[in-house]
Amino acid sequence: MFLVGLTGGIASGKSTVSSQLRELGCPVIDADVVARKVVEPQSVAHRLIVQHFGREVLLDNGEIDRKKLSQIIFSSPEKRRLLNSITHPEIHKEIYVILDVPLLFETRRLTRFLTHTVVVYCDPATQLSRLMQRDTLSQEEAEQRIAAQMPLEEKRGLASHVIENSGSREETLRQVLRLHTKLEDSMQFLLVRAVAVAAVAGLGSLLFCTVRLLVS
Ligand SMILES: CC(C)(COP(=O)(O)OP(=O)(O)OC[C@H]1O[C@@H](n2cnc3c(N)ncnc32)[C@H](O)[C@@H]1O)[C@@H](O)C(=O)NCCC(=O)NCCS
Ligand SMILES: Nc1ncnc2c1ncn2[C@@H]1O[C@H](COP(=O)(O)OP(=O)(O)OP(=O)(O)O)[C@@H](O)[C@H]1O
């Protein structure tokens, strides 16, 4: 599996190329589309934009007036940084992808590319009866299929998160909502850590250069 970042300057053709790739069957996340979604009315980013840029950047229907906001931020680096500091954390929170792979731990190759793994667990009796019912299988046939995979107990031990799905769909949804929040928080943490590492690295090279200058 590859994770590919696509970029380029404004109007260089990113959307054109990404939609061509999408037509070839590649799943694509367009950050500009995400950026539009995170500033919809009632969102955190919308509230902060109004707080910092005033109601004059709103259209009559309450949506952000993108033309007006563009004029402001592209003529002032300070305002652009301010808008970025509001929108980027919200955009990054939205950009995570779920790969649904039954044999994730059996094949193992994929796991090194993943930041988190989630195992959906249900007790063995529930698993057996759900499989027999859904695929109209005899008990023997169902047991054979279950035995072709790593036992769920073992998978549970390897996961970074577990969803317990022996109960109702509603109980599962409650866990999924908690997981979603956790994943979003963890994205934030990773970003903050990346920025901190970059800052420390920057400081390190600055010190190195200063010492070299002083020595020479
Ligand atoms: C400035 C806004 C209102 C303009 O909206 P509009 O619908 O007219 O354009 P759209 O969102 O499609 O952006 C068009 C292009 O402008 C460029 N651009 C957008 N924001 C920025 C920025 N903060 N700094 C530099 N270039 C930018 C990008 O090349 C982008 O592809 C909007 O882009 C925005 O809210 N930007 C802040 C969020 C952001 O950084 N988005 C970029 C994706 S991470
Ligand atoms: N090969 C091409 N031939 C002719 N027109 C093109 C070609 N590629 C892109 N365009 C046109 O150029 C414009 C900019 O392209 P596109 O919107 O794909 O760029 P972008 O990099 O996604 O821009 P932005 O950063 O503003 O989102 C669009 O009007 C698009 O239709």
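The paragraphs below walk through a predicted model, from its confidence and domains to its ligand shell and some backbone details. Residues are numbered from 1 along each chain as its sequence is written, while chains are lettered from A and ligands numbered from 1 in the order in which they are written. Local features need a pLDDT of at least 70 and side-chain atom pairs count only at pLDDT 80 or more, whereas totals for chains, interfaces and linings use all residues.

The chain averages a pLDDT of 89, with 86% of the residues scoring at least 70; pLDDT is the predictor's confidence in each residue, from 0 to 100. The model scores ipTM 0.94 and pTM 0.77. Over residues 206–211 pLDDT stays under 50, and for this stretch the model has zero contacts beyond four places in sequence, a contact being two residues whose C-beta atoms, placed from the backbone, lie within 7 Å. Where pLDDT is low, the predicted coordinates should not be read in detail.

The chain is divided into domain 1 (14–94) and domain 2 (104–178), with bounds that come from an automatic or database domain assignment. The centres of the two domains, taken over C-alpha atoms, are separated by 38 Å.

Ligand 1 is surrounded by 13 residues, of which Ile10, Ala31, Ala35, Arg66 and Thr87 are the closest; a residue is near a molecule if its C-beta atom, placed from the backbone, lies within 6 Å of it. Helices H2 (31–37), H4 (66–74) and H5 (77–94) each supply at least two residues of this shell, and H5 gives the largest share, five residues. Helices here are DSSP runs (H or I, at least four residues), numbered from the N terminus. By class, the shell divides into seven nonpolar, three polar and three charged residues, where Ala, Val, Leu, Ile, Met, Phe, Trp, Tyr, Cys and Pro count as nonpolar, Asp, Glu, Lys and Arg as charged, and the others, Gly among them, as polar.

Helix H1 (residues 14–23) is hardly covered, since the count of buried residues among its 10 residues is zero; buried means that 20 or more other C-beta atoms lie within 10 Å of a residue's own, exposed that 12 or fewer do, and partly exposed lies in between, with C-beta atoms placed from the backbone. In the segment before H1 lies alanine 11, which has a positive phi of about 60° although it is not a glycine, and which is exposed, with 8 other C-beta atoms within 10 Å. Just after H1, glycine 25 takes a positive phi of about 105°. Threonine 136, in the loop between helix H7 (124–134) and helix H8 (139–147), is likewise not a glycine and has a positive phi of about 40°; with 9 C-beta neighbours inside 10 Å, threonine 136 counts as exposed.
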